[in-house]
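The sequence and structure come first.

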Amino acid sequence: MTIYFYKVDEPYGCFSNFSPHGIRRKGLHWPTVEHYYQAHKFIGVEDESIITQIRNAPTPDEAAKLGRDPSRTVRSNWDWVKLGIMREAVLTKFLTHLDIQAILLGTEDLTIVEDSPTDYFWGCGEDRTGQNHLGQMLMSVREEIRGRLQEKESS
Ligand SMILES: Nc1c(N[C@@H]2O[C@H](COP(=O)(O)O)[C@@H](O)[C@H]2O)[nH]c(=O)[nH]c1=O
């Protein structure tokens, strides 16, 4: 069986980066993983005020809209760092919120797929041939948390 998720209000919606589960990193609070991810596109660019604008965006959709504004240039190394940045955020999310951590661990070894009809990088895309990096990341975070819990139990 494979778990498909996408929209926050659909099954396994808590796996979406748009789900309302805030994270704290380096002393700053981010309302969703999406806010964190979109803002990090602009670290080190000339006008960093966009970062605060994204952090203060009222919804993750607004944060994504700001981060995807084609008139703005993202940091030059974005394609190299974006997977690492997303993983930090997703791991923090599932370490912080124990209710959704239980949902993630409850999926045991099932395959998890972000069923995005448009995104062939983070999701599987319309024809489901996409790379599914977000689904893969959720499975790797699941593995890491499982390992951490086992270590704690045996110590
Ligand atoms: N869930 C979800 C989306 N998917 C998310 O979009 C992000 C990738 O953004 P970018 O790198 O700017 O293309 C990533 O977090 C992916 O999971 N996009 C949406 O417009 N609506 C949504 O409900």
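This is a predicted model: local features need pLDDT of at least 70, side-chain atom pairs count only at pLDDT 80 or more; totals for chains, interfaces and linings use all residues.

Residues 4-146 have end C-alpha atoms 21 Å apart, and the span is 44% helix and 8% strand (helices are DSSP runs of H or I, at least four residues; strands are runs of E, at least two). Residues are numbered from 1 along each chain as its sequence is written, and side-chain values use heavy atoms, without hydrogens and water.

**Ligand shell**
- The ligand has 15 residues around it, and those that come nearest are Asn17, Glu34, Tyr37, Lys41 and Glu114 (near: a heavy atom within 4 Å).
- Six residues of the shell are nonpolar, three polar and six charged (Asp, Glu, Lys and Arg count as charged; Gly counts as polar).
- Helix H1 (residues 33-39) supplies three residues, the largest share of the shell.

- The side chain of Lys41 has an N or O atom 2.7 Å from an oxygen atom of the ligand (polar contact: N or O atoms within 3.5 Å).
- For Arg68, the corresponding side-chain distance to a ligand oxygen atom is 2.9 Å.
- A polar side-chain atom of Glu114 is 2.9 Å from a ligand oxygen atom.
- The protein buries 83% of the 510 Å² that the ligand exposes when taken alone (Shrake-Rupley method, 1.4 Å probe).

Definitions and conventions
A polar contact is a pair of N or O atoms within 3.5 Å; within protein, one must be able to donate a hydrogen and the other to accept it, and residues adjacent in sequence count only if both atoms are side-chain atoms.
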